[in-house]
Amino acid sequence: MTRAVEAAQVPEATAREVTGAGSWDMVAFYSSALDGVAANPALPTPLLLRLIAFDGGGEGPPFQALHRPGLPEPAVAALLTHPILYTRVTFARSGQVEPEQRARLADDPSPEVRATVAEGPDRIHDQRAKVRPLSDAVCGRLLEDPEPSVRDALLRSRHLAPSFLASLVRHPDPAARCAALRVWDELTAAERGTLLADPDPGVRRSAALCACPRDARLTAALLRDPAALPVALRRGLLDRADAERFLAEGIHLAGLAGNPSLPADLVDRLAVDPDDDVRLAVSLRPELTEARRAAIDFTVSPFDRGDVDWVTAGIADQGVLHRAATSAHPLLRRAAARSPHLSPELLRLLAEDTDAVVHTHLAMHHPDTPQEVLMSVYARLGGTFSAWMATGHPRFPREGLAARYADHSNAIYRQLAVRDPAAGPDLIERLSHDPDVRTRQAAASDPRLPLPRLVEALALPELASSAGANPALPPGEMAGVMDEAGVPA
């Protein structure tokens, strides 16, 4: 019997949400007009160059100027040789910058800059966005950098091309050979054999852990290694004697319960184990029928994302997705909802799901999430990172929002009125005086806001940044903001 606490029942006032992106503090953000101007998409190149040259009291220009998409070549050239180290580091870290531009800092005199280039962007808020990797040639140069910090940063990067990782199988550095294991399934049999026979014990262990799901001999050896035991017990091809021994000893039972090779009668024994985590692990096994799954007494947290190994491994496999999406198990449906490869049929099915986390995952991961699901996520989680992700979805509704929500009693909805392309200047101005600060900020950043109110908003602390980022702000006003902030002309 499943005991699942529905996430939809959690009070909106709670700040907790488990969405794959972490919780986000949505206290209204107050910043300066200069920060807004630095982010303004209409900022003319001459003013951008003026801003980039600003030393900011030794801290450099506002970081918004360094995280702009499509920076013109003069701005890139100025950033590559900027005298303030932090500025070059920030530019190298930006997910908005093309890899070819970041690569031009691969020979920077500062090891900190080169390490930042090597590791790549560290915070990509929108999980639908992809970071293009540096070229294999540039990565090869960074891997030969004389500074260990640069080499280490490269090997821990999440943005390396599979072709580069595969090229590391015979690299002299054991850490590089370990990195090649990240593309184990793409390596040839000969390359896998090379890593399994590696002279470094750490590389051999890690390679064996990659190979053990299909190799009982390797699994048995790994189970004698305390450092490898937990993973080997969860993933390896077990013989019955080892499985019975660990079950009798009662250690690592949750890992054992998820092992794909565990004999069926031992699965049945663990299905009634006193430990809730063990029973939950059994309930997620891929071979169970829905009736067998339902017979297990397990509890699902309302905040559990749904990390299920076999669903993650088959994230593009329609058979795997069908099994998970049609299951009565909330965690399997949550796991399926994180796939951008759901068929239209499965997407429709999960869009009608009553589990709130399923809807949140759809909003964050699937390109065709229905508008009503996106709206439900926004309504439930307004003021959180997931709500921001929902409004950034290309299918989030726009038309008709002003008529429906401009006078809504809940400010979460009044903010949406600004998104309506039919909203006129009068409404935008009215909303710029709204009692809710986020509604005022949304209106202050809208180009339909009448110019007198836009200029007025520049002087209001809670609206200055939004007004500064408004693309309708005249260049003369942008220059005036810079003058007031002490940015040299």
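A cavity here is a set of points, on a 1 Å grid over the protein atoms alone, where a 1.4 Å probe fits but cannot get out, and its lining residues have an atom within 4 Å of a point. This is a predicted model, where local features need pLDDT of at least 70, side-chain atom pairs count only at pLDDT 80 or more, and totals for chains, interfaces and linings use all residues. Residues are numbered from 1 along each chain as its sequence is written, and side-chain values use heavy atoms, with hydrogens and water left out.

**Exercise 1.** Find out which residues line the largest cavity.

*Solution.* 
- Start with the search: the whole structure has one cavity of 30 Å³ or more.
- Next, the space in the largest cavity is about 40 Å³, a volume being the space filled by probe spheres set on the points, which are joined across faces, edges and corners.
- Now the lining: Arg 102, Val 117, Ala 118, Glu 119, Gly 120, Arg 132, Pro 133, Leu 134, Ser 157, His 159 and Leu 160.
- Helix H6 (residues 111-119) gives the most to this lining, three residues. Helices are DSSP runs (H or I, at least four residues) numbered from the N terminus.

**Exercise 2.** Work out how helix H7 packs against helix H8.

*Solution.* 
- H7 (residues 136-143) and H8 (residues 148-155) pack at an angle of about 140°, with axes 8 Å apart. Axes are lines fitted to C-alpha atoms over the stretch in contact, and angles run from 0 to 180 degrees between N-to-C directions.
- Then look at who meets whom: Cys 139, Leu 142 and Leu 143 in H7 touch Val 150, Arg 151, Leu 154 and Leu 155 in H8 (contact is heavy atoms within 4.5 Å).

Technical notes:
Helices (H or I, at least four residues) and strands (E, at least two) are DSSP runs, numbered from the N terminus. On a 1 Å grid over the protein atoms alone, a cavity is a set of points where a 1.4 Å probe fits but cannot get out, and a pocket is an open set with protein on both sides within 12 Å along at least five of seven lines; lining residues have an atom within 4 Å of a point.
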